[in-house]
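I am keeping these notes as I look things up in one chain. Each entry covers one topic.

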Amino acid sequence: MRIKKGYEIFQFIRSPFLPEDKRKDTRFLIEENPSIFAPNSKMKAASLKEIKTELNHRSPSELLELCLRLAKFKKENKELLTYILFESADEESFIQSIKAKVDDDFETINIKTFFYIKKSVRKILRELKKFIRYSQNKETEVELLIYFCQKLKDFQPSIGRNTTLINLYNRQLEYIKKKIPTLHEDLQYDYNLELEELF
């Protein structure tokens, strides 16, 4: 690999046993070809179009192996595949399961100081938005964010005692307000009523 080779050359020229003239020649080579020998070089990812084209040429067994490899590589990949394969057909059940997780997460918040509360609330919101990305359903997004805000509003000690949490809460309300008009008209009315109770 080029990156490994570049790293080895850097290690080589730092050796005290390398003659000065050879060291200068090697430095010149590196200066003239920085992209080849840079130790922090990153692999360039293919575009989605290129990946799609390549996947079209793979057999079903190869595609299965790729999916399993992705699932093993990262927890989020495994969670996304779980949603697509087992939960996407029943969105309401998925929403209820996420709400139950939010309930549990709020119950376990360390309330000794607002430092711990802020840290936990941010984590809950971050995970919630991750599940929303899995779904890519606008209604699911609005419903889950409204639920999060309801939990945060009712939380004790009151978030009214902390500016950071108040700002976080208000940002979510404004975000929800912008998202509701993108939903079906029948849903907009119901969600707007819920949102008004949170202001």
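Entry 1: I looked up L55 and got a relative accessibility of 35%, so L55 counts as partly exposed. The cut-offs explain the label, because buried means under 20% and exposed means over 50%, with partly exposed in between. I note here that the model is predicted. L55 sits in helix α4. I then asked which residues form a nonpolar patch on the surface. They are L48, I51, L55, L63 and L66, and together they have about 410 Å² of accessible area. Two helices, α4 (48-55) and α5 (60-73), each supply at least two residues of this patch. The most comes from α4, which gives three residues.

**Entry 2: The chain as a whole.** I stepped back to look at the secondary structure. I found 11 helices and zero strands. Read from the N terminus, the elements run α-α-α-α-α-α-α-α-α-α-α. The chain has 199 residues, and 29% of them count as buried.

Entry 3: Side chains of opposite charge can pair when their charged atoms come close. How many salt bridges does the structure hold? I read seven salt bridges for the structure. One of them joins the side chains of E54 and R58, at 3.1 Å from N to O. I checked the cover on both partners. E54 has a relative accessible area of 40% and is therefore partly exposed. R58 is partly exposed as well, because its relative accessible area is 34%.

Entry 4: I followed E79 next. Its side chain meets that of K75 in a salt bridge of 3.9 Å, N to O. Both K75 and E79 lie in helix α6 (residues 75-87), and they are four residues apart, about one turn of the helix. Is K75 buried or exposed? With a relative accessible area of 57%, K75 is exposed. E79 counts as buried, because its relative accessibility is 19% and buried means under 20%.

The side chain of E79 also meets that of K130 in a salt bridge, here at 3.1 Å from N to O. K130 lies in helix α8 and E79 in helix α6, so this pair ties together parts that are 51 residues apart in sequence. K130 has a relative accessible area of 10% and is therefore buried.

Entry 5: Rolling a probe the size of a water molecule over the atoms shows where empty space is left. I searched the whole structure and found one cavity of 30 Å³ or more. How much space lies in the largest cavity? The value is about 40 Å³. I listed the residues that line the largest cavity: I98, K101, V102, D105, I124, E127, L128 and F131. The elements that give two or more residues to this lining are α7 (91-107) and α8 (114-135). By class, I have five nonpolar, no polar and three charged residues in the lining.

Entry 6: Most residues other than glycine have a negative phi, and most peptide bonds are trans. Where is Q136 found? Q136 is in the loop between α8 and α9. The phi of Q136 is near 60°, a positive value in a residue other than glycine. Q136 counts as exposed, because its relative accessibility is 71%.

The other exception is a peptide bond. The bond from Q156 to P157 is cis, with omega near 5°. P157 lies in the loop between α9 and α10 (163-179).

**Entry 7: L152.** I ended with a residue of helix α9 (residues 138-154), namely L152. Is L152 buried or exposed? Its relative accessibility is 0%, so L152 counts as buried. I also looked up the spacing of L152 and I166. In sequence they are 14 residues apart, and in space they are 9.5 Å apart, C-alpha to C-alpha.

Methods: Residues numbered from 1 in each chain as written. Predicted model: local features only at pLDDT ≥ 70, side-chain atom pairs only at ≥ 80, totals over all residues. Heavy atoms only, no water. 1 Å grid on protein atoms, 1.4 Å probe; cavity = no way out; pocket = protein on both sides within 12 Å on 5 of 7 lines; lining within 4 Å. Points joined across faces, edges and corners; volume = space filled by probe spheres on them. Nonpolar A, V, L, I, M, F, W, Y, C, P; charged D, E, K, R; others polar. Patch = residues over 30% accessible without salt bridge, like charges linked within 9 Å, V, L, I, M, F, W, Y side chains within 5 Å. Areas by Shrake-Rupley, 256 points an atom, 1.4 Å probe, with all protein chains shown as cover. Salt bridge = Lys/Arg side-chain N within 4 Å of Asp/Glu carboxyl O. Buried < 20%, exposed > 50% of the residue type's maximum accessible area, 1.4 Å probe, protein only.
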